Amino acid sequence: MKPNDTIVAAATPYGFSGIAVVRLSGTTANEIVKKICQHPSSFLNRKATKVQLYKSNNKPFDSALVTFFKTPNSYTGEDVFEISCHGSPTIVETIIEEAINLGARTADPGEFTQRAFINGKLDLVQAESVAGTIHGLGEKCSRLNHRIISGELTKKLELIRKSIVDALSHVEFELDVSEEDILSVSDVRILESLSLAKNEVSSLTKSFKEGRLLNRGASVVITGPPNVGKSTLFNKLLNENKAIVTSFPGTTRDLIDASVVYNGVSIVFSDTAGIREGEEEIEMEGIRRATEKTHKADIVLSVFDLESQPPQNINKGRAVVIPVLNKCDLYNENQRYKIKSKINSCFFVSAKTGDGIENLKNRILKSLDISENISDSVFLITQRQYDVSKRCLLALDEAISLIKNRPISFELLSIEIRDSLDAIDRILGKTTSEEILNNVFSHFCVGK
Ligand SMILES: Nc1nc2c(ncn2[C@@H]2O[C@H](COP(=O)(O)OP(=O)(O)O)[C@@H](O)[C@H]2O)c(=O)[nH]1
Ligand SMILES: [Mg+2]
């Protein structure tokens with residue numbers, strides 16, 4: 001159902017800045033902004049107008065620029081106003097307060113984009129990429145989300161949809177006329193269209209591994225016994241002194257996360273409490289969190305030194321484990337050679353001098369297996385897209401095996417094909433439930 005009220009929110013983050021932008025969208029936005037600006041005439045579409053902002057007691061409180069986007073050619077599809085005021089939290093709050101007094105209400109997270117979706121300005125994969133663009137880090141992430149917002153994933157999904165609809169129309173035809181068990185021309189067409197769709201959906205489903213890494217950043221967890229230099233390595237990899245380093249075992253008790261962009265890819269490093277047994281409660285909680293984080297990581301750097309035990313079987317979930325011998329500035333060739341003969345894949349670094357760090361960074365990037373040239377590929381980027389595309393693939397697989405069996409049950413075939421079609425429509429948000437839609441938009445920030 002189309003909303004008929006007017007929403008207002010700050011489009012820029014809270015704080016002191018050169019300018020801040022307050023955005024309004026809805027049927028009464030025009031009236032509200034005219035009153036706040038005491039602007040008698042209508043605002044010109046897509047033109048910036050210099051105005052004074054007034055409180056309801058007629059006292060001016062700031063000068064601003066108002067830009068008007070007339071329905072339907074606006075972000076939300078409704079009348080939209082962007083008020084660019086001075087970047088002070090008080091001024092932003094006053095504008096929002098005045099707008100509310102004049103009948104607007106504060107927008108929920110993602111509500112502007114939700115309205116854009118309801119009004120058909122973008123589909124659900126495009127909306128998800130709006131969130132990806134804002135929250136993502138790294139050039140590759142921005143470029144991927146930009147391609148999706150521009151409609152490249154949508155185009156791909158529409159082509160798959162077309163193949164499935166083509167197969168379905170032949171099945172419906174066969175349902176009416178076919179009485180033979182021989183392979184008709186139509187059956188060949190059905191199989192061709194379904195196989196085409198299956199190949200495309202299959203490669204999209206596979207693309208999620210890379211899409212997720214690009215969109216959310218890769219998680220690299222640094223783990224190992226206390227005092228082997230995990231925090232020193234963490235700081236070195238980030239190029240800043242974020243974690244506390246001391247010579248006392250058990251210094252790091254909580255998880256510390258920090259992001260860095262390597263080669264256009266965002267990587268979230270986590271420094272963890274060293275794993276050891278029987279320590280006090282706070283440290284034990286740190287160790288529990290470290291273990292949990294390791295299970296969800298993409299890569300685990302399992303750090304040790306010659307004083308500690310080399311890494312044993314780490315319970316690592318899906319992660320790639322890279323054993324890292326730290327403090328190499330203290331060890332000679334012979335000592336390193338001994339380790340290498342035991343753990344072939346071991347990396348030698350000195351977090352203190354920086355030796356081996358570049359190699360380790362390259363190894364991390366290589367383990368993530370992100371293609372060098374992704375400039376024209378589109379990937380699935382959210383778990384939701386991935387789950388639904390797996391369901392689509394399953395239905396297409398079923399349909400293809402049905403058509404290879406004789407006699408063909410066109411009724412069953414039709415059900416499977418409709419399921420796959422429904423999955424495509426769900427990815428695009430054409431038939432997605434209210435609950436899932438709300439969940440998608442609730443992850444946005446307010447004002448987007
Ligand atoms: N010689 C040497 N000392 C290091 C190196 N990395 C860390 N250390 C020292 O080892 C001690 C423990 O370091 P820390 O990073 O707190 O270890 P964590 O407990 O594993 O986080 C500190 O005294 C560090 O200065 C290294 O590469 N070489
Ligand atoms: Mg530490």
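Modeller: Let us begin with a definition. A residue is called buried if 20 or more other C-beta atoms lie within 10 Å of its own. Please note also that this is a predicted model.

Biologist: Is G110 buried or exposed, then?

Modeller: G110 has 24 other C-beta atoms within 10 Å, and is therefore buried. In the protein as a whole, buried residues make up 39% of the 448 residues.

Biologist: Where is G110 found, and with which residues is G110 in contact, leaving aside its neighbours within four places in sequence?

Modeller: G110 lies in the loop between strand 6 (105-106) and helix 3 (111-118). Apart from those sequence neighbours, its contacts are F441, S442, F444 and K448. By comparison, S84 is 26 residues from G110 in sequence, and their C-alpha atoms are 20 Å apart in space.

Biologist: How should I read the overall form of the protein?

Modeller: The secondary structure comprises 14 helices and twelve strands. The radius of gyration is 28 Å, well over the 22 Å that the globule rule gives for 448 residues, so the protein is more spread out than a compact globule. The C-alpha trace spans about 85 × 80 × 40 Å along its principal axes.

Biologist: Which domains does the domain assignment give?

Modeller: The assignment gives domain 1 (7-122), domain 2 (129-213 + 382-429) and domain 3 (217-368). Seven residues from domain 2 and nine residues from domain 3 take part in the contact between these two. On the domain 2 side, helix 5 (residues 139-149) supplies the largest share, three residues. That side of domain 2 has three nonpolar, two polar and two charged residues.

Biologist: How does one read a sheet?

Modeller: The strands of a sheet pair through backbone hydrogen bonds, either parallel or antiparallel. Here six strands form an open sheet in the order 8-9-7-10-11-12, with mixed pairing. Strand 8 (256-262) and strand 12 (347-348) are the edge strands, each pairing on one side only. Strand 7 (residues 218-223) pairs with strand 10 (residues 299-304) in the parallel sense, over four bridges. Within that pair, V220 stands opposite I299 in strand 10.

Biologist: How many residues surround ligand 1, and which are the closest?

Modeller: Ligand 1 is surrounded by 20 residues, of which the closest are G229, K230, S231, T232 and K352. By class, this shell has five nonpolar, eleven polar and four charged residues.

Conventions:
Residues numbered from 1 in each chain as written. Chains lettered and ligands numbered in written order. Predicted model: local features only at pLDDT ≥ 70, side-chain atom pairs only at ≥ 80, totals over all residues. Helix = DSSP H or I, 4+ residues; strand = E, 2+ residues; numbered from the N terminus. Rg over C-alpha atoms; globule rule 2.2 N^0.38 Å. Buried ≥ 20, exposed ≤ 12 C-beta atoms within 10 Å, placed from the backbone. Domains from an automatic or database assignment. Nonpolar A, V, L, I, M, F, W, Y, C, P; charged D, E, K, R; others polar. Pairing = 2+ DSSP bridges. Near = placed C-beta within 6 Å.
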